Number of protein chains: 2
Amino acid sequence: MAATQNNALLEIAQDLRQAAQILASAPTKQKNTAIIATAKAIKEHKSAILAANEKDMLAAQEKTLEASKLDRLALDEARLQAMCEGLEIVAALPDPVAQSIKSWQTENGLRFNQIRTPIGVLAIIYESRPNVTIDAGALCLKSGNGVLLRGGSESFYSSRALHLCLQQGLQVAGLPVAAIAITPSTDRALVGDILTGLDGLIDVIIPRGGKSLIARVQAEARIPVLGHLDGICHIYVDEHAELEKAVAISVNAKMRRPGICEAAETLLVHEKIAPTALPLIAGALADAGCTLRGCERARQIYANMEAAQEQDWSQEYLAPIISIKIVDDIKAAMAHIAQYGSGHTESIITESDTAADAFLTKVDSAIVMQNASTQFADGGEFGFGCEIGIATSRLHARGPVALEGLTTYKYQIRGTGQTRP
Amino acid sequence: MAATQNNALLEIAQDLRQAAQILASAPTKQKNTAIIATAKAIKEHKSAILAANEKDMLAAQEKTLEASKLDRLALDEARLQAMCEGLEIVAALPDPVAQSIKSWQTENGLRFNQIRTPIGVLAIIYESRPNVTIDAGALCLKSGNGVLLRGGSESFYSSRALHLCLQQGLQVAGLPVAAIAITPSTDRALVGDILTGLDGLIDVIIPRGGKSLIARVQAEARIPVLGHLDGICHIYVDEHAELEKAVAISVNAKMRRPGICEAAETLLVHEKIAPTALPLIAGALADAGCTLRGCERARQIYANMEAAQEQDWSQEYLAPIISIKIVDDIKAAMAHIAQYGSGHTESIITESDTAADAFLTKVDSAIVMQNASTQFADGGEFGFGCEIGIATSRLHARGPVALEGLTTYKYQIRGTGQTRP
């Protein structure tokens, strides 16, 4: 079955499969011990981790990586501290494994119990973002899943330094260290081995990163893929918006961290409020260093912006650039989102509950908001501790995928000798 | 995007996509009206449906279809009545759409609501089993999903007659009849068009049927597949089994309807109880017309059976044949199931709660039972009204897939101007 010629990888995956079976039925306390010990290891090895990251950053700067990617790659004390806090939150969260989702009894006396179980073994192929190593490791550990991590090549040293902390955590707790594995290299060929050469050893692949990676995974993978696609997120400033909120949220949604998938890429403004709102919002965005690309009507109201082209509406800039369009009404805003959005996160700025209800009901995205920044689209902000990604596919899990998203379920039925008529 | 050359199919799928958007937000009452009207239509058109089925049955008998397939194909008044009862149950069940799964508030005042939404448009490719037409149609209708039905070629006339009843139901309720579509033919080439030629029009494919169909769908499909695989179901008679239950359940699990996926294919018997239990169970199975294929140890206890070969343990007979193995203990039984089972349904016969707990916790199948027949593995028996299939894959849904399994969810977030620090 397993057809890879990469024996090192095959051995890692086989050990992982075995270790995952132990992790699947590990007691909650033991798993939490491992998570807390991981946080302790990060604090202990802080200097080594930052030195590893420094090495990655220097190499990345030499390769003149884009600013948004450098931002994702960079670690500092505050970001390590945030990782540790995420770990503590995951440890404190309820264990999803063996949780009863529903239980009921049928007339013939059969007692049904639907309970959560781990999925099994996951492979996560992600961008050069070291914190994903810790987030993914901790979530898989808590949800009883084995995981094979394959981070981006630019984060090679940082990811390995953080992976060692996860293994130290497992060891302290007496759990098999093989349950959280990392690929021996970041070769692109190795991704092919994961996609097609480990049949029966991996249950699901979670790709995170650029369009070309996702496209490759979806085309080649012979096992289920939990998709994570673009974030073309929208802010829609409704005619009943409060101006102050519209300005603050627009600037935050775009400029807090322009390089993440939950950053807003397009601002839609109701034509009735545009003459007053647009100059304020556009001015604040420009002051914050954002490049503006507007439709013709927007440029008539606020001249100081480039002309948006058709392709701007479907582009994930991941940079301090925003496209701006004046729309006739909320229907036109929702139609624009249906046409160009990626089903990730959209926010309506309005004081009208009617408008908000329509938007939150009809817009078919994983996350729909009223009067809040799209940058809240994050597992941590949802109270999930951290996340393994924002799913934009429609099956299994949608939005931030965390503990529950990493489980499946089974039905337990207890009878007293029932046969079916 | 949509690349099929089959213009009739393309037109059906485009109309379906549009109709599904209306169905997605249709009020519960309207959907229930359509379901009840479908049941009424089945009663009204009973003679026409049975005549259509007669036509299919005659052709199938000429092609000398196997008995289990003829059993699946056959309709009679009782089976039509059962369909109508299933429809009434689905109408009476709560509407999953817009149901709140969870709601909570974070410290910054954001209010979260996770609510169920329809998946969108499903394509169901199924075997020559006419009742699936009604079950799938009713479940998709109630869960707000459009559906493209493609039944097996042997059930061509029966499926079309039942599909007309579904369309009559939609029409009576004032819903678009295009929301439940059936393929214009049952050509095999048309399956390829569904798998690769309708990009953007279908959200998920649910294949039901033989291994070759499933393998083809999983290899060719460019959209997510909700898998439905073999049912290699096991009965394990534990050392603490009550003999009367063991006999009754074994006979029912195999012989009630040997041709369905939840029929037991292998009987495992604890060595300590085998000398008393096996002769009783084997005798009762033989009396009921079942062919027995035993391991060496089993044949020493009950001579009147064929010798089981290695391939017997992984075969889905779908016929009155059962393989029998004596195991050393419950661990050996669970190891056998892990090796040869298909993750569908397994039942332990025991009066020991310890043994039952171990089995129900550790056996990693969609449905695990104590003291009940595997033939209860059916959406109707779970209280789901009916089912669209038993999922044996690990993502999205497992076990009988009914209303909830046909939904996804989204997160609605209501704020008061929050920006992310």
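Reader: What makes strand 4 (residues 146–150) of chain A and strand 5 of chain A a pair?

Author: The bridges do: strand 4 and strand 5 of chain A share three of them, in the parallel sense. Two strands pair if DSSP finds at least two bridges between them, so these two qualify. One spot to look at is Leu148(A), which stands opposite Ala181(A) in strand 5 of chain A. By the way, this is a predicted model, where local features need pLDDT of at least 70 and side-chain atom pairs count only at pLDDT 80 or more, while totals for chains, interfaces and linings use all residues. Residues are numbered from 1 along each chain as its sequence is written, and chains are lettered from A and ligands numbered from 1 in the order in which they are written.

Reader: And how do you know what counts as a strand or a helix?

Author: Both are DSSP runs, numbered from the N terminus: a helix is H or I over at least four residues, and a strand is E over at least two.

Reader: Why are strand 5 (180–182) and strand 6 (204–207) of chain A said to stand at the edges?

Author: Picture the sheet in the order 5-4-3-6 (chain A), four strands with parallel pairing. Strand 5 and strand 6 of chain A each have a single partner strand, so one side of each is left without a neighbour in the sheet. From one strand to the next, the twist averages 20 degrees.

Reader: Which strands does helix 6 (residues 130–142) of chain A touch as it packs on that sheet?

Author: Helix 6 of chain A touches strand 3 (121–125), strand 4 and strand 5 of chain A, and its direction makes about 170 degrees with that of strand 4 of chain A. Helix 9 (residues 211–220) of chain A packs on the sheet too, touching strand 3 and strand 6 of chain A, at about 165 degrees to strand 6 of chain A. Such angles run from 0 to 180 degrees between N-to-C directions, using lines fitted to C-alpha atoms as axes (for helices, over the stretch in contact).

Reader: Why are helix 2 of chain A and helix 5 of chain A called roughly antiparallel?

Author: Helix 2 (residues 28–44) and helix 5 (residues 77–92) of chain A pack at an angle of about 170 degrees, with their axes 9 Å apart. Angles under 35 degrees count as roughly parallel, over 145 as roughly antiparallel, 65 to 115 as roughly perpendicular and the rest as oblique. The angle of about 170 degrees is therefore in the roughly antiparallel class.

Reader: Which residues meet there?

Author: From helix 2 of chain A they include Ile35(A), Ile36(A) and Ile42(A), and from helix 5 of chain A they include Leu80(A), Met83(A) and Leu87(A). By class, this contact has 10 nonpolar, two polar and two charged residues. Nonpolar means Ala, Val, Leu, Ile, Met, Phe, Trp, Tyr, Cys and Pro, charged means Asp, Glu, Lys and Arg, and the others, Gly among them, are polar.

Reader: How do you know that the two chains are related by a two-fold axis?

Author: Chain A can be laid on chain B by a turn of 180 degrees with a shift of 0.0 Å along the axis, and the RMSD is 0.0 Å. That is the relation of a two-fold axis. The superposition is by least squares on the C-alpha atoms of residues with pLDDT of at least 70 in both copies. His396(A) is the residue of chain A that comes closest to the axis, at 1.7 Å (C-alpha).

Reader: What joins strand 16 of chain A to strand 13 (residues 367–372) of chain B?

Author: Five bridges, with the strands running parallel. Ile413(A), for instance, stands opposite Met369(B).

Methods. Two residues are in contact if their C-beta atoms, placed from the backbone, lie within 7 Å.
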